[in-house]
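Keep the sequence and the 3D view side by side.

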Amino acid sequence: MGYNPEKPMEGRITDLGPPYYEQFLPPVIKDNKGKWLWHEILQPGVLMHKSETGDEVYTVRVGSPRLVTAVRIREICDISDKHCDGYLRFTTRNNIEFMVDSKDKVQPLLDDLASRGSKFPVGGTGAGLTNIVHTQGWVHCHTPATDASGPVKAVMDELFDYFTSMKLPAQVRIALACCLNMCGAVHASDIAILGIHRKPPMIDHQRITGVCELPLAVASCPLGAVKPAKVEIDGKEIKTVKVNVERCM
């Protein structure tokens, strides 16, 4: 049989690919799909959406780091289980959104978040600063000119009051990219922080094969400035790379 868009799970015989997204939607969101009329921001970090059916959904937006521990994820899930029937979502800027279907549930949720100290700041809506999105940095990427999490934390510490308020002329988006590849889409933000390489890389020939995949290092340079090479150390020939400084960006 062909694919039936009305019954996307019908006849499915493998578990390849992601689960169908609708099973992760809160019931109030699923029941009112395509029926939302308007929304308003009740206070920094708290939104209310109104449906043509009369239903309302209240969203509490909470700031979060991009890189989190399993302990923090479990705590987020505990909050969601307690107040939101186990539903939550992450925004494209790594905010957490807890959604409830009644105004009476909003204040207990806010009180719970506030009782946990500064771990779950409410804000990021309207004419304020939303969460800073950033690239991988040293934790995972092999081409960064700078780290990501550290500079983002330092910047957000200075601007934190603008996250929990709405006193700017308009919403501001800040992003950080660790290198000119800009996988964090910093060019699509209002303020971009961009790490650039100012000097050619230094090569530790004794360590390079133990910490780096040489073909990947060669392929990572968009200008072809990194080439395979061999050197002799303590009478042993070692595979390494060399850098054409004139071509290096």
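Start at Thr-91, in the loop between strand E4 (89-90) and strand E5 (96-100). Helices (H or I, at least four residues) and strands (E, at least two) are DSSP runs, numbered from the N terminus. This is a predicted model: local features need pLDDT of at least 70, side-chain atom pairs count only at pLDDT 80 or more, and totals for chains, interfaces and linings use all residues. Residues are numbered from 1 along each chain as its sequence is written, and side-chain values use heavy atoms, with hydrogens and water left out.

Thr-91 is buried, with a relative accessible area of 14%. Buried means under 20% relative accessible area, exposed over 50%, and partly exposed in between (1.4 Å probe, protein chains only). Leaving aside neighbours within four places in sequence, Thr-91 is in contact (heavy atoms within 4.5 Å) with Arg-61 and Glu-97.

Now move to Ser-149, which lies in helix H4 (residues 149-163). Ser-149 is partly exposed, at 28% relative accessible area. Beyond its neighbours within four places in sequence, Ser-149 contacts Leu-67 and His-134. Leu-67 is 82 residues away from Ser-149 along the chain, yet their C-alpha atoms are separated by 8.0 Å.

Helix H4 leads on to a pocket. On a 1 Å grid over the protein atoms alone, a pocket is an open set of points where a 1.4 Å probe fits, with protein on both sides within 12 Å along at least five of seven lines; lining residues have an atom within 4 Å of a point. H4 gives the most to the lining of the second largest pocket, with seven residues. That lining has 18 residues, and Ser-64, Pro-65, Asn-131, Lys-153 and Met-156 lie nearest the pocket's centre. Domain 1 (1-123) and domain 2 (126-198) both give residues to this lining, so the second largest pocket lies between them. The domain bounds come from an automatic or database domain assignment. The volume of the second largest pocket is about 480 Å³. A volume is the space filled by probe spheres set on the grid points, which are joined across faces, edges and corners.

Finish at the largest pocket, with a volume of about 940 Å³. It is lined by 31 residues; His-142, Thr-143, His-197, Pro-201 and Ser-220 lie nearest its centre. Helix H5 (208-211), helix H6 (214-219) and strand E10 (236-243) are the elements that give two or more residues to this lining. Domain 2 (126-198) and domain 3 (208-247) each supply at least three residues to the lining of the largest pocket.
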